[in-house]
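Hello,

Here is the structure for you to look over. My notes on the contacts follow it.

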Protein chains: 2
Amino acid sequence: MISHGNNRKLLTPEREALILEALGNGVRTISELAATLQVSEATVRRDLRTLEQRGALQRVHGGAVRVDDGEKREPLFHEKTTLRADEKERIAEAALGLIEDGDSIYLDGGSTVLALARKLSSRHELTVVTNSLMAAAELMESGHKLILLGGEFRPLSRTLVGPLTSPIGEALHIGKAFFGTIGLTASGVSTTDPGEAFTKKLILGRAEQAILLADSGKIGRTSLVDAGKLDDFSCLVTDSGASPDFLKILKKHRVEFIIA
Amino acid sequence: MISHGNNRKLLTPEREALILEALGNGVRTISELAATLQVSEATVRRDLRTLEQRGALQRVHGGAVRVDDGEKREPLFHEKTTLRADEKERIAEAALGLIEDGDSIYLDGGSTVLALARKLSSRHELTVVTNSLMAAAELMESGHKLILLGGEFRPLSRTLVGPLTSPIGEALHIGKAFFGTIGLTASGVSTTDPGEAFTKKLILGRAEQAILLADSGKIGRTSLVDAGKLDDFSCLVTDSGASPDFLKILKKHRVEFIIA
DNA sequence: CAAATTCTTTCATAAACTTGCAAAAATAAA
DNA sequence: TTTATTTTTGCAAGTTTATGAAAGAATTTG
C-alpha cells in the first residue's frame with residue numbers, strides 16, 4: 001500500500017498512483033475516490049481524464065474501472081513513455097506494415113518511433129540508421145545492420161542532434177524515414193530543440209519516403225522550432241482521434257494517411 | 001535516508017546527488033527537498049531544472065519524480081564480466097589524474113576505458129567524445145557535454161566503427177584521447193576488427209595526446225589488424241605486471257608510462 | 001417522461017512557478 | 001593579504017497552474 005503518513009498535500013503523480021492502486025482490478029466511484037484521496041470530486045474527475053488518456057483505466061458513468069494488462073505496475077511514474085501508450089502501440093504496428101525485409105530505414109527519436117523499433121525483430125536484414133540512443137539500445141542485438149548518426153547528445157530526448165549530424169547524414173542513402181514530433185499543424189511539424197529540428201530537416205532532405213508517426217494529441221499543437229513542412233512528408237500514421245478537418249488539409253498537401 | 005553530518009554548505013553537485021537519492025523511486029515536494037537540504041525553494045527549483053535538462057528526473061507541479069532508472073540503463077549495460085577488474089580499476093584511477101576540468105577528451109571502447117568513464121563525475125565541464133555506447137550510457141546524466149562519433153555499430157564491442165566515423169572525427173579537435181586495445185607489442189597495438197582499427201587510427205591522428213590504457217595481460221599479444229604504432233602514443237598506463245624489457249622498449253620510443 | 005444523479009464548463013482563489021534583481025559567496029587577480 | 005570579477009543564492013513581483021465550487025448539460029433510472 002502506498003501510504004502518505006504525513007498529511008501533506010499529494011502531488012499529481014502520487015494521486016494518480018493511489019487511484020490506480022485503489023482501483024485494483026475492480027471499480028470505484030468518484031465519491032469513494034474523492035473521500036480516499038481527500039480531494040474534491042472535480043479533481044478526481046480531472047485525474048481520471050488524464051489517466052484514461054494514458055490508457056491506464058477506463059471511465060464509466062459515476063466512476064472508473066481498471067483495464068489491467070497484467071504487467072503495468074511500473075508505468076505510474078514515467079508517464080512520458082506511456083502517454084497514450086495504446087495509440088502509440090497501434091501506430092507503431094501500422095508503421096511496421098510499411099517496412100519490408102532488406103529495407104534501409106531511418107528511426108528518429110520519440111516514444112512512438114521507439115515502439116516501432118521494438119517491433120523490428122519481425123523483419124530481416126534491415127539497415128537501420130538512427131539518432132536515438134534508446135532505439136539503438138533496443139536494436140543492439142537484433143541482428144540488423146545498425147548505423148548511428150554522430151553528433152551532440154541531447155539528454156532530454158536521448159538523441160544525437162545538431163550540425164555534427166550533417167557530415168554523416170549526407171553520406172547516407174535512406175529509403176524510408178520514420179519521424180516523431182512534438183507538434184503538428186497545417187504549416188508543418190515543430191519541435192522544442194533547434195538542434196533536433198536541424199537533424200530532422202537534414203534527414204527529411206535525404207530520405208526517399210518520409211513517414212510521420214504522431215498520435216492525434218499532437219495535432220494542433222506547435223512547439224518552438226519549425227522542423228519541416230507538410231509537403232516534405234509522404235505519409236502520416238495517426239490514430240482515430242484525428243479531426244476530419246485536418247485530414248482534409250493532408251489531402252490538399254498530398255500526404256497520405258493511415259488511421260491505426 | 002539523506003544525511004550530511006557536518007553542516008558546512010553543500011556544493012551544487014552534492015546537492016544534486018542528494019536530491020536524486022532522496023527521490024529514490026518516488027516523488028518529493030519542493031518544500032520537502034528545501035527543508036532537507038537547508039536551502040531556499042528557489043535553489044531547489046533551479047537544481048531540479050538542470051537535473052531535468054540532464055534527463056535525470058522529471059518535474060511535476062509541486063515537486064519532482066524520478067524517471068525510472070532501471071529500465072533505461074539495463075539494456076545498454078549488460079556488460080561482460082570483466083577480467084582483471086582490480087588492475088583495470090587502478091589504471092582508470094591513474095588515467096583520471098591526467099584529466100582536468102574543462103578538458104576535451106576522447107574515450108575509446110573497452111572495459112578499462114569504461115572504468116575511466118565511470119569516474120568522470122569527479123570532473124566538471126568536460127567535453128567527451130566517444131565511439132562507445134557503453135561509455136555514452138554511463139555519461140548520459142553526467143552533465144558533461146557528450147558527443148558521439150557516428151558510424152556502423154559493432155555489437156561485440158558496442159562501439160561505432162569504420163569509415164563512417166571519419167567525417168565527424170575529422171571535424172573535431174581532441175585534447176587527450178584514451179584508448180583500449182586487445183594486443184600490445186613493440187610494433188604497436190592491434191585489434192580484431194578492421195573497422196575498429198580504422199577508427200583508432202583516425203582519432204590517433206587527430207588527438208594532441210594519445211594515452212593507451214592496457215593491463216599487463218595485453219602486453220606481448222597480437223591481434224588481427226594493426227591499429228597504431230608505439231610512436232603514435234604519448235603515454236601508456238598499465239599495471240605492475242609489465243615486464244622491464246617492455247618498459248625499456250617504451251623508453252626507446254619516447255612513450256611515457258605510468259604504473260598504476 | 002420526469003426526477004435524480006453525474007458530468008462538463010466556467011470562474012474565483014490559492015498555491016506554485018518564472019523572471020529579474022540585489023546581496024552574498026566563491027573565485028580570480030593584484 | 002586586498003580588490004575585482006564571476007557565480008550562486010534568496011527574495012519579490014508578475015504570471016501560470018491547479019483546485020474546488022457552482023450552474024447548466026447530459027445520462028441514468030424508475
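For the classes used below, Asp, Glu, Lys and Arg count as charged, while Gly is among the polar residues. The model is a predicted one.

On that basis, the residues of the surface near DNA strand D divide into seven polar, five charged and three nonpolar. Around DNA strand D there are 15 residues, of which Arg15(A), Thr43(A), Arg46(A), Thr43(B) and Arg46(B) come nearest. Of the DNA strand D atoms that come within 4 Å of the protein, 65% belong to sugar and phosphate.

- Ser40(A) is 2.9 Å from a phosphate oxygen of DNA strand D.
- Arg15(B) is 2.7 Å from a phosphate oxygen of DNA strand D.
- Arg46(B) is 2.5 Å from a base nitrogen of DNA strand D.

Two or more residues of this surface come from each of H3 (41-53) of chain A, H1 (12-23) of chain B and H3 (41-53) of chain B. H3(A) gives the most, with three residues.

Now the protein-protein side. Chain B puts 46 residues into the contact and chain A 35 residues. Together they bury about 3300 Å², with 69% of that on carbon and sulfur atoms. Three salt bridges cross the interface of chain B and chain A. Glu152(B) and Lys145(A) form a salt bridge, with their closest N and O atoms 4.0 Å apart. The chain B side that touches chain A has 22 nonpolar, 12 polar and 12 charged residues.

Strand S7 (residues 151-154) of chain A runs antiparallel to strand S6 (residues 145-148) of chain B, and two bridges join them. Gly151(A) is placed opposite Leu148(B) in S6(B).

Regards

Key
Residues are numbered from 1 along each chain as its sequence is written. Chains are lettered from A and ligands numbered from 1 in the order in which they are written. This is a predicted model: local features need pLDDT of at least 70, side-chain atom pairs count only at pLDDT 80 or more; totals for chains, interfaces and linings use all residues. Side-chain values use heavy atoms; hydrogens and water are left out. Contact means heavy atoms within 4.5 Å. Buried area is the accessible area (1.4 Å probe) that two parts lose on being put together, summed over both. A salt bridge is a side-chain nitrogen of Lys or Arg within 4 Å of a carboxyl oxygen of Asp or Glu. Two strands pair if DSSP finds at least two bridges between them. Helices (H or I, at least four residues) and strands (E, at least two) are DSSP runs, numbered from the N terminus. A residue is near a molecule or strand if one of its heavy atoms lies within 4 Å of it. A polar contact is a pair of N or O atoms within 3.5 Å; within protein, one must be able to donate a hydrogen and the other to accept it, and residues adjacent in sequence count only if both atoms are side-chain atoms.
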